[in-house]
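Thank you all for making time this morning. I would like to walk through one structure with you, slowly, and take a few places in it one after another.

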Amino acid sequence: MAVWIALMVPAFLLAGNLGDVEKNDSSAWLPSNAEATRVLDQAKKFQPAETLPAIVIYDRPEGVTSADMAKAQADAEAFQGIEKVVGQPQEPSKSQDGKAILTVVQVDDGNEGWDGAHTVVGEMTAVGQQGANGLGFHVTGPAGYASDSVTAFSGGGALGMITALVVVVILLFTYRSPLLPLLPLLTAGGALVTAEAVIYLLAKNAGLVVNTQTSLVLTVLVFGAATDYALLLISRYREELRRHEDRHEAMAEALYRSSPAIIASAATVAVSLLVLLMATLNSTKGLGPACAIGIVVGLLAMLTLMPALLVICGRWVFWPVRPSYGSVGTAKDSIWTRIGTAISSRPRIVWVVTALVLGVMATGMTELKADGIPSKGQFISEPQAVVGEEIQSRHFPAGSGDPIYVVAKAASAEQVRTVLSGIPGIAGVAVPVVKDGDVFVLGTLSDAPGSKAAMRTVEQARTAVHQIDGADARLGGSTAIALDTQQSAARDAKVIIPVVLIVVFLILALLLRAIVAPLLLMATVVLSLGAALGVSALVFNHVFDFAGADANFPLLVFVFLVALGIDYNIFLVSRVREEAQLHGTRQGARAGLSATGGVITSAGLVLAGTFAALGSLPLVFAAQLGFAVAFGVLLDTMIVRSVLVTALTLDVGRWMWWPSKLSTHRDPLPVSHGRPPLRRRSAGIRKMDEDI
């Protein structure tokens with residue numbers, strides 16, 4: 001306890017600085033060899049480096065007046081006085097229908113990223129709304145969306161409180177004790193702060209890429225996973241308190257019995273997350289080790305700080321239902337005992353029907369549209385940038401103010417301009433600018449930047465300019481960055497998913513000393529994942545009407561659900577194996593379900609609740625990730641773990657443990673309930689029947 005208190009003092013100071021090292025610019029997430037990344041360096045000689053265009057839109061439905069044009073001109077001059085506004089704003093231009101005005105301001109995001117843009121956009125909005133007299137004012141474009149993203153992510157503090165509240169409520173319901181939930185909450189909170197401190201040091205000194213998304217996922221993952229480990233430990237500790245009069249001995253036995261499963265499950269999650277280091281997308285590559293650190297620190301806290309707190313507090317922390325020495329638990333009468341008994345009568349029918357239902361649910365994956373979310377579809381509500389983009393698309397070419405650009409050899413300037421002009425989807429091409437042997441050509445997209453149509457245009461334009469002999473042409477811009485991000489995410493999924501499956505299988509094989517059980521468990525996890533993604537796709541498309549899903553969404557859901565789903569497999573099957581060594585596999589399956597069904601369900605509720613808390617943020621990506629993982633975890637704990645795995649174990653029997661020695665242990669012969677009772681049996685025979 002003293003060690004952890006001493007550790008928390010510097011950890012609090014370091015964790016508070018994590019936001020200072022976050023990189024929220026999407027271009028920083030790309031690999032260095034992506035075309036959009038390489039062309040950024042080449043374009044620095046033609047445009048200010050590290051700038052975001054802020055597209056300013058004025059509109060008046062009945063038509064803008066000369067006074068409105070004068071205000072737009074005055075505002076443009078005022079924008080120049082705002083710190084971090086670079087160069088001279090574009091001359092305000094009136095739309096052809098005379099109902100809107102557009103100007104573009106370059107904002108230096110520097111080292112502050114989105115936060116710097118948020119400050120500038122706030123000052124520009126104050127200028128634009130002053131004396132508007134009914135003239136609409138909106139800031140959109142990359143700077144506008146960056147500002148609205150900061151506002152959306154500002155709910156991260158509230159997310160932590162909501163997550164903690166969810167944990168407390170579920171633990172109160174689980175233990176019916178007003179005091180016990182405080183211990184896992186304090187331990188998980190300490191683990192989160194310590195993990196954030198370690199991540200800050202790595203991001204500052206070792207080049208680890210983290211962003212706001214990393215911080216949000218880390219919060220819910222640490223609270224959820226660490227509380228899961230606490231539930232398993234507390235459950236076993238409560239069992240041992242009934243068997244041991246000394247609480248120290250009870251905790252020693254509880255740690256001895258539960259720590260292998262806790263360590264194995266944490267190792268599975270951490271190693272699976274570390275596989276994300278193979279990603280080309282820097283945001284994904286950074287998310288993996290950051291979350292793995294959270295899992296490892298949470299494990300250490302639950303195996304050191306949590307036992308210390310429990311032993312210091314004593315039995316009274318379980319008040320009002322304290323587990324007294326010599327008392328008997330109620331596991332024999334639990335719902336999980338009854339479920340196990342019901343499954344044991346027809347295990348094959350149960351697992352076949354359950355697998356078929358999950359397979360039908362998985363067919364919904366055909367409707368999953370994980371090819372990126374358009375800029376205006378990223379928010380649950382419609383902030384300023386979304387409204388501004390919609391107004392812009394009605395009165396100007398949708399790509400105005402956020403162009404694509406090509407950097408090539410100066411000798412090919414006219415060829416590049418001619419080729420770009422002939423690409424469908426490009427509304428206009430600017431006069432080429434030549435400097436130091438290179439040419440810089442801007443092109444205005446007809447469709448909204450980042451949209452699927454705009455990405456198709458970028459792909460066609462890239463193909464065309466790459467074919468110009470000797471031009472060495474590269475195409476960049478925000479839409480090109482979005483396209484490269486999408487392609488990198490697709491590549492990462494193809495590489496990482498098989499590796500994670502292999503890693504998880506090897507961990508299970510080592511833990512269970514078997515091959516059959518890991519194969520069956522992996523099959524149930526993959527089936528559960530497919531069902532969760534299938535239902536999620538249907539809900540996203542037909543209930544919430546989302547515009548799409550992030551390209552990285554399937555990979556993240558896969559990693560979290562597979563790794564965390566294996567957690568529950570380990571909790572259940574390690575206990576089944578322990579019981580099977582004493583009573584045989586089939587009785588062990590029922591005993592394991594009775595002993596762990598409650599704790600696995602509670603753990604699933606906690607983890608699902610923490611991820612569901614992501615829905616409190618007004619971001620489509622957060623809502624989608626939160627729903628998919630929460631639904632998948634509930635499906636895993638309520639159906640897959642409790643019904644499917646138990647039924648498979650009962651049906652396969654001792655062969656689950658092949659080729660280990662346990663597979664040679666035959667189950668005791670069951671008592672036949674169909675024969676008529678023999679009333680005159682000897683007491684010895686009746687005793688044998690009872691023992692059997």
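This is a predicted model: local features need pLDDT of at least 70, side-chain atom pairs count only at pLDDT 80 or more; totals for chains, interfaces and linings use all residues.

Serine 215 has a relative accessible area of 14%, and because the cut-off for buried is under 20%, serine 215 counts as buried. It sits in helix H9, which covers residues 212–243, and, once residues up to four places away in sequence are set aside, it touches Leu18 and Glu22.

Beyond its neighbours within four places in sequence, histidine 244 is in contact with Glu249, Ala250, Glu253, Arg315 and Tyr325. To give you a sense of distance, the C-alpha atoms of histidine 244 and aspartate 472 are separated by 76 Å, and the two residues are 228 residues apart along the chain.

Even so, H1 bends by about 30° at methionine 8, and a proline, proline 10, follows within four residues. Which residues of H1 are buried? They are Trp4, Met8, Ala11 and Ala15. An α-helix has 3.6 residues a turn, so residues three or four places apart point the same way. The buried residues of H1 pack against helix H8 (182–205) and helix H11 (282–313).

Let me turn to the interior. In soluble globular proteins, nonpolar side chains tend to be buried together. Here the largest nonpolar core has 150 residues, and Leu273, Leu310 and Phe560 touch the most other members. The largest share of this core, 19 residues, is supplied by helix H19, residues 553–583. Apart from it lies another core, of 31 residues, with Leu30, Ala36, Ile468 and Ala551 among them. Phenylalanine 560, leaving aside neighbours within four places in sequence, is in contact with Val217, Leu221, Leu273, Gly565, Phe611, Leu625 and Val629.

As for the aromatic rings, a search of the whole structure finds 12 aromatic pairs. One of these joins phenylalanine 540 and phenylalanine 546, a tilted pair at 5.8 Å centre to centre, with 50° between the planes. Both phenylalanine 540 and phenylalanine 546 are buried, and they belong to one aromatic cluster that also includes Phe544, Phe553, Phe627 and Phe631.

Finally, the charged pairs: how many salt bridges does the structure hold? There are 13. In one of them, arginine 462 pairs with glutamate 35, the closest N and O atoms being 3.5 Å apart. Arginine 462 lies in helix H16 and glutamate 35 in helix H3, so this pair ties together parts that are 427 residues apart in sequence.

Conventions: Residues are numbered from 1 along each chain as its sequence is written. Side-chain values use heavy atoms; hydrogens and water are left out. A nonpolar core is a set of buried Ala, Val, Leu, Ile, Met, Phe, Trp, Tyr and Cys residues joined through side-chain atoms within 4.5 Å. Buried means under 20% relative accessible area, exposed over 50%, partly exposed in between (1.4 Å probe, protein chains only). Helices (H or I, at least four residues) and strands (E, at least two) are DSSP runs, numbered from the N terminus. Contact means heavy atoms within 4.5 Å. The bend at a residue is the angle between axes fitted to the seven residues ending there and the seven starting there. Rings of Phe, Tyr and Trp (its six-membered ring) pair if their centres lie within 6.5 Å; planes under 30 degrees apart count as stacked, over 60 as edge-to-face and the rest as tilted. A salt bridge is a side-chain nitrogen of Lys or Arg within 4 Å of a carboxyl oxygen of Asp or Glu.
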